[in-house]
Amino acid sequence: MKSFWGITAVLLMVTVAGCAPRSMSGDVYSRERAQRVQTIEYGEVLEVRQILIEGTKSGMGTLAGGVLGGALGSGIGRGAGSTIGVVGGAIVGGLAGSVVEEAATQQPGMEVTIRMDSGRTIALVQGIDPPVYAGDRVRILRHPDGSARAILSAEELEPGGPPRRYR
């Protein structure tokens with residue numbers, strides 16, 4: 001029985017490790033995005049609104065919760081009662097694991113409305129890092145897959161220090 005709990009604990013840790021949220025930061029690039037060409041446009045931030053980026057629903061939380069719930073439920077009753085305990089524990093654990101995964105992977109974010117130098121206005125959602133504020137000059141980096149990020153334009157930055165407007 002001890003080996004069962006040991007295997008269950010290892011499987012649970014591996015499963016939960018897969019639930020780590022993908023960063024939505026403007027300063028973080030995935031390995032797949034490294035050394036890829038992006039187009040750049042410039043604009044001015046009109047408005048920034050804080051939002052919450054929902055968590056992932058990969059099924060890993062459901063799986064981990066189901067395994068743990070089934071393992072805990074196996075200790076209930078004998079014979080048919082034990083089977084009912086395993087099934088019931090797996091169902092309740094799976095539901096709880098799904099909720100926990102989504103809550104654990106939520107991220108604060110911002111919706112940024114930008115008037116591009118071309119005259120059109122766009123909005124994009126990204127993580128809160130690095131922060132941008134109304135009035136900031138930003139550059140928009142567009143990836144061929146349609147994703148984009150807004151970061152402070154070089155004209156807003158001074159070497160080795162914070163943006164000029166925040167000194």
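The model is predicted: local features need pLDDT of at least 70, side-chain atom pairs count only at pLDDT 80 or more, and totals for chains, interfaces and linings use all residues. Residues are numbered from 1 along each chain as its sequence is written, and side-chain values use heavy atoms, with hydrogens and water left out.

**Sheet**
- An open sheet is formed by five strands in the order β3-β2-β1-β4-β5, with antiparallel pairing; strands are DSSP runs (E, at least two residues) numbered from the N terminus, and two of them pair if DSSP finds at least two bridges between them.
- The edges are taken by β3 (121–127) and β5 (148–152), each with a single partner strand, so one side of each has no neighbour in the sheet.
- Strand β2 (residues 107–116) runs antiparallel to β3 and is joined to β3 by seven bridges.
- Met-110 has Gln-126 in β3 as its bridge partner.

- Buried here means under 20% relative accessible area, exposed over 50%, and partly exposed in between (1.4 Å probe, protein chains only).

**Salt bridges**
- The structure holds four salt bridges, each a side-chain nitrogen of Lys or Arg within 4 Å of a carboxyl oxygen of Asp or Glu.
- One of them joins the side chains of Glu-41 and Arg-142 (2.6 Å, N to O); Glu-41 lies in strand β1 (residues 39–53) and Arg-142 in strand β4, so the pair ties together parts 101 residues apart in sequence.
- Arg-137 and Asp-117 also meet through their side chains (2.7 Å, N to O), linking strand β4 with the loop between β2 and β3.

**Surface patch**
- Val-87, Ile-91 and Leu-95 make a nonpolar surface patch of about 300 Å²; patch residues have over 30% relative accessible area and no salt bridge, with like charges joined within 9 Å and nonpolar side chains (Val, Leu, Ile, Met, Phe, Trp, Tyr) within 5 Å.
- Ile-91 counts as exposed because its relative accessibility is 52%.

Note on methods. Accessible areas come from the Shrake-Rupley method with a 1.4 Å probe; for residues, only the protein chains shown count as cover. Helices (H or I, at least four residues) and strands (E, at least two) are DSSP runs, numbered from the N terminus.
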